[in-house]
Amino acid sequence: FKMEYLTWNGSENPYVILQLHGGGYMSGLQGQYRKMAGLYAEISSGAAVLSVDYRLAPEYPFPAALEDAVAAYKWLRDKGYESDRIIVVGDSAGGGLAMALCMELRTNGEPMPAGLVAMSPWTDLAITGESYTKNREIDPVFGADGGGEMLLHSPYIGENDAKNPLISPMYGNFTGFPPMLIQVGTHEMLYDDAASVAKKAKEQGVPVRFTVYEGM
C-alpha cells in the first residue's frame, strides 16, 4: 500500500490527521480525497495529513485494509507523533476502518489516538439497518442509481463473518475509545450504521458528538 504525507509550510501545529478514505473497500485514493486532505490541513490551521492508499478488495479482502491502517498509525508514532496528537478521520468505509483501527490498537495494548471523526461511517457490513431499504430511493450516492449494490455482499468480508467487529465495528465494544465526532444525513442508506454506533458508544462511556443533517 502507499501513503501520501502532506505538511503545511511553516506550520508549528503539533497534530497530524490520519485520513482513511471511503469507497466500499474497493475504490482507492482518488483526487477528491487529496483535495480533502488539503482542506483538513487548512481548517486545522496547519496540521499535517497522512492519507493512506490501503489495499483493496476483492484482490485484498479483510484484514488487508486494517493491517495497512495499523501500519500507517505506527509509522506516525515512529515519526515522532505522540498518540494524543493523532486524529483519525474517515468517511464511509474509512469511517468504519477508523473504528476497527482503534479496536485493534486496544487489543494490542497500543495507545489510542486523540480522537476520531467518522462521516457516514459504514459500520455494519451485514447490512441489517432499516435505512438500507428505507432510504434506498432517496440516497444520492448509493440509492436509486444502483450504487448501493457495492454495499451488498462486500468482497472485503472474504470468508469471514460479516459481524466480526473488526469488519463491522457496530458489533464491537467501544469502551476506552477516544472522543468521536460522527456525522450523517437523514437521507443516507448508512444512517442506521452511524446512529447505532453513536448510541452504543455513548452508552459505553465514550464522549460522542453525533451530528445529523436533515435532508442530506
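P58 lies in the loop between β3 and α2, where helices (H or I, at least four residues) and strands (E, at least two) are DSSP runs numbered from the N terminus. A cis peptide bond joins A57 and P58, with omega about 5°. This is a predicted model, in which local features need pLDDT of at least 70, side-chain atom pairs count only at pLDDT 80 or more, and totals for chains, interfaces and linings use all residues. Residues are numbered from 1 along each chain as its sequence is written, and side-chain values use heavy atoms, with hydrogens and water left out.

**Backbone features**

- Most peptide bonds are trans, and most residues other than glycine have a negative phi.
- The bond from F62 to P63 is cis, with omega near 10°.
- P63 is found in the loop between β3 and α2.
- S45 is not a glycine, yet its phi is positive, near 60°.
- S45 sits in the loop between α1 (31-43) and β3.
- At 61% relative accessibility, S45 counts as exposed; buried means under 20% relative accessible area, exposed over 50%, and partly exposed in between (1.4 Å probe, protein chains only).
- H153, also not a glycine, has a positive phi of about 55°.
- H153 is placed in the loop between α4 (131-134) and β6.
- H153 counts as exposed, because its relative accessibility is 76%.

**Overall build**

- The protein chain has five helices and seven strands.
- Read along the sequence, the pattern is β-β-α-β-α-β-α-β-α-β-α-β.
- The radius of gyration of the protein chain is 16 Å, close to the 17 Å that the globule rule gives for 216 residues, so the chain is as compact as a globular protein of that length.
- That radius is taken over C-alpha atoms, and the globule rule is 2.2 Å times the number of residues to the power 0.38.
- The C-alpha trace spans about 50 × 35 × 35 Å along its principal axes.
- Of the 216 residues, 51% count as buried.
- The accessible surface comes to about 9,800 Å², and 52% of it belongs to carbon and sulfur atoms.
- Accessible areas come from the Shrake-Rupley method with a 1.4 Å probe; for residues, only the protein chains shown count as cover.
- Among contacts (heavy atoms within 4.5 Å) between residues at least 6 apart in sequence, 80% join residues at least 24 apart.

**The sheet**

- Seven strands form an open sheet in the order β1-β3-β2-β4-β5-β6-β7, with mixed pairing.
- The edge strands are β1 (2-6) and β7 (208-213), each pairing on one side only.
- Neighbouring strands of this sheet are turned by 15° against each other on average, direction ignored.
- Two strands pair if DSSP finds at least two bridges between them.
- β1 and β3 pair in the antiparallel sense over five bridges.
- Y5 stands opposite L50 in β3.
- α2 lies across β1, β2, β3 and β4, and runs at about 165° to β2.
- Axes are lines fitted to C-alpha atoms, for helices over the stretch in contact, and angles run from 0 to 180 degrees between N-to-C directions.

**Nonpolar cores**

- A nonpolar core is a set of buried Ala, Val, Leu, Ile, Met, Phe, Trp, Tyr and Cys residues joined through side-chain atoms within 4.5 Å.
- The largest core has 56 residues, of which L18, F177 and M180 touch the most other members.
- β2 (16-20), β3 (48-53), α2 (64-78), β4 (86-91), α3 (93-107), β5 (115-119), β6 (180-185) and α5 (191-203) each supply at least two residues of this core.
- The largest share, nine residues, comes from α3.
- Not counting residues up to four places away in sequence, F177 touches M99, C102, M103, R106, M112, L116 and V206.

**A buried loop residue**

- L125 is placed in the loop between β5 and α4.
- L125 is buried, with a relative accessible area of 3%.
- Leaving aside neighbours within four places in sequence, L125 is in contact with Y25, S154, Y156, I157, A162, I167 and S168.
- L125 and P169 are 44 residues apart along the chain, and their C-alpha atoms are separated by 9.1 Å.
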